[in-house]
Amino acid sequence: MAPESMDGEQNVQASTTPAGALPSEEQVREALKIVKDPEIPVNVVDLGLIYGVDVQEGGLVDITMTLTSVGCPVQDLIRADAEMAVGRLDGVTDVNVEFVWTPPWGPDKMTEDGKRQMRMFGFNV
């Protein structure tokens, strides 16, 4: 039975996530900032690896991203970390991470904050 509100009416929760409860693209990108390539001390957002975020009604989040190299040995780890980070957001029911290789990644895709972090670790960018 649904709980009653203060005025005696029953509160009924919808079986689907209302559109207002879905995370924004910015919230997804912020959540992805905890995901790091273990070989590079900067998160995937500031590295410029996130090419697209699509939050769909129903809570599916599609993430299009790349890696710094095609043969990156930690691809599965980065995918799992991204799925876990975004999957924790309210309203998210599923996360799909797709890796693409075009356009190829380059240091020019990094944010200014990412470049600053790289310089702090001795990289010349």
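**Entry 1: helix 1**

I began with helix 1 and found that its buried residues are Val28, Arg29, Ala31 and Leu32. I take buried as under 20% relative accessible area, exposed as over 50%, and partly exposed as in between, with a 1.4 Å probe and protein chains only. Looking down the axis of helix 1, I saw these buried residues fall within an arc of 160°, so they line one face of the helix. The arc is that of the directions from the helix axis to the C-beta atoms. I then asked what the buried residues of helix 1 pack against. They pack against strand 1, strand 2 and helix 2; contact here means heavy atoms within 4.5 Å.

**Entry 2: ground rules**

This is a predicted model, and I noted that local features need pLDDT of at least 70 and side-chain atom pairs count only at pLDDT 80 or more, while totals for chains, interfaces and linings use all residues. Residues are numbered from 1 along each chain as its sequence is written, and side-chain values use heavy atoms, leaving out hydrogens and water.

**Entry 3: the overall plan**

I found 3 helices and 3 strands in the protein. Helices (H or I, at least four residues) and strands (E, at least two) are DSSP runs, numbered from the N terminus. Starting at the N terminus, I read the order of elements as α-β-β-α-β-α. Of the 125 residues in the protein, 36% are buried. I also looked up contacts between residues at least 6 apart in sequence, and 62% of these join residues at least 24 apart.

The 3 strands make an open sheet in the order 1-2-3, with mixed pairing. Two strands pair if DSSP finds at least two bridges between them. Strand 1 (50–55) and strand 3 (94–99) are at the edges with a single partner strand each, so one side of each has no neighbour in the sheet. From one strand to the next, the twist averages 15°.

I went through the strand pairs in turn. Strand 1 pairs with strand 2 (residues 60–65) in the antiparallel sense, over 5 bridges. Across this pair, Ile50 stands opposite Met65, Gly52 has Thr64 as its bridge partner, and Asp54 has Asp62.

Strand 2 and strand 3 run parallel and are joined by 6 bridges. One bridge I looked up has Val61 partnered with Val95 in strand 3. Between strand 2 and strand 3 the chain passes through helix 2, and this β-α-β crossover is right-handed. That label means that, with the strands pointing away from the viewer, the path from the first strand over the helix to the second runs clockwise.

**Entry 4: a stop at Thr64**

Thr64 sits in strand 2. Not counting residues up to four places away in sequence, Thr64 touches Leu49, Ile50, Tyr51, Gly52, Glu98 and Val100. I also checked Thr64 against Asp54: they are 10 residues apart in sequence and 8.5 Å apart in space, C-alpha to C-alpha.

**Entry 5: helices against the sheet**

Helix 1 (residues 25–32) lies across strand 1 and strand 2 and runs at about 130° to strand 1. Helix 2 (residues 75–87) packs on the sheet, where it touches strand 2 and strand 3, and its direction makes about 150° with that of strand 3. For these angles, axes are lines fitted to C-alpha atoms, for helices over the stretch in contact, and values run from 0 to 180 degrees between N-to-C directions.

In helix 2, I found Ile78, Ala82, Ala85 and Val86 buried. They cover an arc of only 90° around the axis, which puts them on the same side of helix 2. Helix 1, strand 2 and strand 3 are included in what covers them.

**Entry 6: helix 3**

After helix 3 comes Gly122, with a positive phi near 90°.
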